[in-house]
Amino acid sequence: MTEDEIRVRVIQTLSGIVPELDPGVLKPAVSLRDQLDIDSMDFLNFLIALHQEFGVDVPEADAGKLATVDACVAYLAQALRKRTQA
Amino acid sequence: MPRLGADMTSGKVVAWLKRPGERIQRGDIIAIVETDKANVDVESFIEGVLEKILVQPGDEWLLVGTPLALIRAEAGTEPAGPALAPPPAPLPQTAVRAVAVPAALAPTVAAPAALPPTAAAGERARVSPAARKRALELRLDPAALAGTGPQGRVTLADVERAAQGVERTAQGAEWPARGVEWPAQGAAAQAAPADTSAARQLRMRVAIAGAMARSKREIPHYYLACTIDLGRALAWLTERNAGRAVTERLIYAVLLIKAAALALREVPELNGFWIDNRAQQSEAIHAGIAISLRGGGLVAPALRHADQQPLDDLMRGFQDLVKRARAGSLKSSEVTDPTVTITSLGERGVDSVFGIITPPQLALVGFGTPLERPWVVAGQVVPRPLLMATLSGDHRATDGHRGALFLAAVDRLLQQPEGL
């Protein structure tokens with residue numbers, strides 16, 4: 001999966017949590033919590049949805065590494081690469 | 001038309017899920033009713049046979065208490081009639097006759113009325129018929145208005161004045177009107193606007209305005225605050241979540257809910273309702289969880305028996321409740337059952353929240369944001385995650401001393417998270 005494909009699916013997943021999300025306005029490097037008014041319940045649901053979408057279970061200790069769209073893409077790309085190599 | 005929450009004055013039948021002749025068990029969902037806040041699955045709390053549907057699904061807003069259907073209780077079952085809350089509105093003649101005739105054979109009741117009545121018996125006499133009619137048009141609760149007529153009777157003029165008050169509230173800056181456009185003067189009180197998102201927002205604001213204004217008018221609040229060191233609880237939570245799949249993790253709000261529910265067992269006089277000029281404690285602890293809705297407004301449906309549920313179950317219930325609240329689909333028991341409200345404004349940086357009690361409840365528990373701050377532990381200043389817990393209590397029912405015991409219990413319980 002290319003990073004662009006991952007990005008599209010991350011934003012789609014996010015839309016499931018934040019229905020009013022406008023992908024055109026979403027800033028890829030700004031914290032999701034700050035720009036989308038999501039709380040910890042929303043964020044956990046986002047991680048659950050990413051797990052369903054990508055099959056990647058983000059450990060609790062890594063949750064902070066998924067603060068922005070860019071960070072999500074980088075994290076997932078690496079996780080998917082590791083899985084392919086394994 | 002059941003009262004699905006203290007702020008509901010009228011509702012609309014969206015659909016019937018049972019047909020005449022069908023058997024109905026307690027807890028069966030018999031209809032979907034639209035309120036100002038959500039589409040609510042109305043559960044029957046009696047058993048019997050659905051005899052007749054009196055109101056077809058449609059656009060008409062019906063006052064709480066309007067009979068929607070007749071359910072014939074089965075012979076041999078407990079008569080359900082006397083257990084029902086008296087409807088706050090007069091029954092139409094046809095319904096009264098329909099109830100009266102079969103009553104000799106088996107009790108037939110208009111179903112369902114919910115929530116404890118919010119006003120004393122004899123209420124009806126204190127609202128003039130013209131005032132009641134106009135209040136329905138304006139979607140106000142006539143029983144909640146201050147009457148200036150003889151013996152405090154609510155008159156047409158009182159209703160009109162209250163409607164203007166709603167308009168002023170709607171135009172004031174006190175509501176966080178995120179993205180909501182208020183209509184021009186006068187429109188706020190007009191009957192049932194078209195079902196657009198903005199209209200729904202407006203109806204929700206009017207519903208919240210009614211309940212909150214009534215609370216501040218009637219309930220003498222007292223407020224207490226207590227700083228809680230959340231370090232132990234958060235460390236325990238991190239450790240517990242560490243090895244778990246994302247679907248099995250807990251968020252700290254669940255610990256707060258459980259601790260508050262357990263503390264209510266110790267100070268039960270904060271859990272229940274103020275009805276008929278006295279406090280009525282509830283044995284069950286159903287925590288109404290304030291859930292903010294995207295686009296503005298909030299609902300506070302119940303996590304039932306919050307004190308008895310293991311944390312994992314509570315977490316699943318909480319997730320499900322938030323999901324359905326935001327999708328606008330709740331069950332009638334969830335909106336009518338809360339015996340206390342818990343609100344957490346955590347995560348947005350506020351230190352504390354001193355909430356307005358949801359009438360006719362007796363208390364509201366508030367939690368602020370846990371933040372690292374200097375704290376003295378064993379003579380040393382150390383950084384600790386501190387959380388401000390607050391209690392808004394109804395001074396008619398309890399005094400500050402009991403409230404203080406409650407907050408102390410919440411603190412103590414959060415120091416032993418493994419026991420939650």
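A:Asp37 sits in the loop between helix 2 and helix 3 (40-54) of chain A, where helices (H or I, at least four residues) and strands (E, at least two) are DSSP runs numbered from the N terminus. Its phi is positive, about 55°, although A:Asp37 is not a glycine. Is A:Asp37 buried, partly exposed or exposed? It counts as partly exposed, because it has 15 C-beta neighbours inside 10 Å. Here a residue is buried if 20 or more other C-beta atoms lie within 10 Å of its own, exposed if 12 or fewer, and partly exposed in between, with C-beta atoms placed from the backbone.

Before going further, a word on what you are looking at. This is a predicted model, in which local features need pLDDT of at least 70, side-chain atom pairs count only at pLDDT 80 or more, and totals for chains, interfaces and linings use all residues. Residues are numbered from 1 along each chain as its sequence is written, while chains are lettered from A and ligands numbered from 1 in the order in which they are written.

Let us stay with chain A for a moment. It has four helices and zero strands, giving the pattern α-α-α-α along the sequence. The radius of gyration of chain A, taken over C-alpha atoms, is 12 Å, close to the 12 Å that the globule rule gives for 86 residues, so chain A is as compact as a globular protein of that length. That rule is 2.2 Å times the number of residues to the power 0.38. The C-alpha trace of chain A spans about 35 × 25 × 20 Å along its principal axes, and 21% of its 86 residues are buried. As for pLDDT, the predictor's confidence in each residue from 0 to 100, chain A has a mean of 91, and 100% of its residues reach 70 or more. Within chain A, confidence is highest in helix 1 (residues 3-17), at 93, and lowest in helix 2 (residues 32-36), at a mean of 87.

Now turn to chain B, which has nine helices and 20 strands. Of its 420 residues, 46% count as buried.

Two loops of chain B deserve a visit. B:Pro360, between strand 17 (340-344) and strand 18 (363-367) of chain B, is joined to B:Pro359 by a cis peptide bond, with omega near 0°. B:Asn277 belongs to the loop between strand 10 (272-275) and strand 11 (278-281) of chain B, and its phi is near 60°, a positive value in a residue other than glycine. B:Asn277 counts as exposed, because it has 7 C-beta neighbours inside 10 Å.

Finally, see where the chains meet: 13 residues of chain B are in contact with 13 residues of chain A, contact being C-beta atoms, placed from the backbone, within 7 Å. Helix 5 of chain B gives the most to the side of chain B that touches chain A, with three residues.

Terms used. Contact = placed C-beta atoms within 7 Å.
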